[in-house]
Amino acid sequence: IRFMHVTLLTLCLFCLMLSQVKVYLLALVQAQSESQQPKIQLRLAGDKVKHYEGRLEVFYNNEWGTICDDDFSIEAAHVACRELGFLGAVAWSPSAKFGQGEGRIWLDNVHCTGGEKSLAECPSNGFGVSDCRHSEDVGVVCNQKRIPGHRFTNTMNNNVETIEERVEEIRIRPISSHLKRLPISEGFVEIKERGKWRQICDEHWTPLNSRVVCGMYGFPGEKKYSNKVFKSLSMRKNKNYWGFSVNCTGNEAHMSSCRLGKALVSKRNGTCGRGLPVVVSCVPGRAFAPSSSTGFRKAYRPEQPLVRLRGGANIGEGRVEVLKNGVWGTVCDDNWNLRAATVVCRELGFGSAKEALTGAKLGQGMGPVHMNEVDCSGFEKSLTDCYFNNDALGCSHEEDAAVRCNIPAMGFQKRIRLSGGRNPYEGRVEVLTEKNGSLVWGTVCSENWGMMEAMVVCRQLGLGFASNAFQETWYWAGDASADNVVMSGVRCSGTEMSLPHCLHHGKHISCPRGGGRFAAGVSCSDMAPDLVLNAQLVEQTTYLEDRPMYALQCALEENCLSSTAKKNDHSTYRRLLRFSSQIHNVGQSDFRPKLGHHAWTWHECHRHYHSIEVFTHYDLLSLNGTKVAEGHKASFCLEDTQCDEGIQKRYVCANFGEQGITVGCWDTYRHDIDCQWIDITDVKPGDYILQVVINPNYDVAESDYTNNFMKCKCRYDGYRIWTYQCLTGGSRSSDMDEYPGMSNQLHFR
């Protein structure tokens, strides 16, 4: 037995030695394979609109080259993006989507499993072995979040690598007396490297570098500052300088796009050259500049009247529109890039552009396309100063350009939250407010709470557009400690940056139903529809008809006639101003009625359900704006009458079908159907304004409410009517007369 124990012990020791030898051999093989792997470096280049996407390029054998798209996969994109310091890849693009590169095509037929640490580990044809052309250069879109603590190791001894590949974060650190000032626009520039904040030596720092830093943080420009305070502070503290200088051209949207300058020669006393850390002082745009009265402007107003943004969910984003000869028009996305987008952003009082969007991604505009093939240097004061092609032939509104700008951090998101919802996009609205000297969370009174207020909440939270506004939230279990109402009487115009900027009661809260289950709630969405009326069709189809009362009984039941019609017998006539209305959805999502099937109203006369009770107002106004005719189309059945080429109809009223208007489709109500008129029987001859308003009560969210009304000039002589100069809201300059002179002929009917 003793012999057997010794034998077993010997065998165990032998197995242990074998396993250790195996581990050692594996480690040796792995070390040899790693040492044999080619040393490469990656970068994103080309026609990119974001700093985390672009043409994938490889630095090998002292030369930059591209990668062919043959056999490339999302796994390979993951490997490349992680090697660049991002969490992973979102997508990859073949066929030189980000432009064709130059030089060698280093890699072809790349096969990755996704677990490799470097693209060099993935099997391929070998470096320089390729049968591709640069029209097949591959591109990637990385997850914009960085790997925490990622440190890029520069093995190539070149200075083209980006700062963000070496560090985790960049910040402007204010002096202690400015900590409570928002936005933070002045302070030391610091870079986080391996978890530690480091200063940048100002020896090679230029105003162009400051311009880029300010642009990153949402400021249109930089300014001079008093150096005494910062010099005094820097002398008191130990310096911890970052090891490189920065060389920006001033056009970069982010410091990650700047080239690295000379490496810093460290000195024992911790100084560099003049021995001062970099300080920037930025100029905030008017919308974000502190004021003595309310702290900030209540609503965003553009600084320049020549350019505006439309259709964006948040401040600083939207479709780009320019004013030409008093008419607003869009910009074609041909050659649209970050330089042009940044000119727009800075012109409007924001920072540099985060994204230059193409393909009407923030909705289609209307009217003319004013600019095409825009070419900016990046330093123009206005987009209208850039070179561009007046001829926009071939450009449709499907190619409308848009931007997303960097805006200052105002801290608005920290003072509001949604509680109890099924997802982060919905819930009871809870706000942080000061009470008895301390900050407490509480609810918002839901009395008269509507879509405009919900829009402001979603914008403040950065969650896009509001899709619903709730006056009861009993089905959402919010934070019980925040049941008390702390804000009431809220009235918003919809353009405010935060809920406290809306009109509301002061310290004396008035909310009859209280909070809790009756607190205000919202649900948000990153997309919204946008309805626009075809003004030209209204102008072309207006005419008068005298119709007997016996043929108007259905219309009388549906309240489509003026109040005096109820007193008339069947032998009398009503004079009707008829016209066609064609309502287009040019937004980003379908327009759906607020109410579900169960709440729709069946109309026996017309044999269909009306899904929305107040959808349009048709009114005749005096020149001073007084309503003179009561007729309007109060309720609607919504459906797709026609659609743009390639788009399928989705909604139809017949047989209790789904109702709505699909993106790219329109709902047409012809002039010869019931209620498509204004009853002008009691109107005296004279000059008037024909007004049509869509979605007048804002029951359904839209990305742009300014284009929901249309006005025409009218002349009525008692027998005939002329309509002319029909204009959609927002199509003309607000600085000009809304109807500047007659530009077309009168239409005799």
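Here is a quick briefing, starting with the whole chain and moving on to some details.

Keep in mind that this is a predicted model. The chain runs to 749 residues, and 51% of them count as buried. Its secondary structure comes to eight helices and 40 strands.

**The chain as a whole**

- Take the contacts between residues at least 6 apart in sequence: 71% of them join residues at least 24 apart.
- For the accessible surface of the chain, the total is about 36,200 Å², and carbon and sulfur atoms account for 51% of that.

- Six bridges link strand 28 to strand 29 (residues 573-578), in the antiparallel sense.
- If you'd like to find one of the bridge pairs, look for Asp546, whose partner in strand 29 is Arg575.

**A buried threonine**

- Thr616 belongs to strand 33, which covers residues 616-621.
- With a relative accessible area of 1%, Thr616 is under the 20% cut-off, so Thr616 counts as buried.
- Thr616 and Val692 are 76 residues apart along the chain, yet their C-alpha atoms are separated by 6.9 Å.

**Aromatic rings**

- Phe59 and Trp64 are both buried.
- Tyr698 and Tyr705 make an edge-to-face pair because their planes stand at 80 degrees, with the ring centres 4.8 Å apart.
- How exposed are these two tyrosines, Tyr698 and Tyr705? Tyr698 is partly exposed at 36% relative accessible area, whereas Tyr705 counts as buried at 17% relative accessibility.
- There's also an aromatic cluster, made up of Phe470, Trp474, Tyr475 and Trp476.

**Arginines over rings**

- Trp64 turns up again here: Arg43 lies over its face, 4.0 Å from the ring centre.
- Elsewhere, Arg417 lies over the face of Trp441, at 4.1 Å from the ring centre.

- As background, most residues other than glycine have a negative phi.
- Asn335 isn't a glycine, but its phi is positive, at about 65 degrees.
- Where is Asn335 found? Look in the loop between strand 16 (327-331) and helix 5 (338-347).
- Asn335 has 54% relative accessibility, which is over the 50% cut-off, so Asn335 counts as exposed.
- Gln725 is another residue other than glycine with a positive phi, this time near 55 degrees.
- Gln725 lies within a strand, namely strand 40 (residues 721-728).
- Is Gln725 buried or exposed? Gln725 is buried, because its relative accessible area is 7%.

Definitions and conventions: Residues numbered from 1 in each chain as written. Predicted model: local features only at pLDDT ≥ 70, side-chain atom pairs only at ≥ 80, totals over all residues. Heavy atoms only, no water. Pairing = 2+ DSSP bridges. Helix = DSSP H or I, 4+ residues; strand = E, 2+ residues; numbered from the N terminus. Buried < 20%, exposed > 50% of the residue type's maximum accessible area, 1.4 Å probe, protein only. Contact = heavy atoms within 4.5 Å. Areas by Shrake-Rupley, 256 points an atom, 1.4 Å probe, with all protein chains shown as cover. Phe/Tyr/Trp six-rings, centres within 6.5 Å; stacked < 30°, edge-to-face > 60°. Lys NZ or Arg CZ within 6 Å of the ring centre and 35° of its normal.
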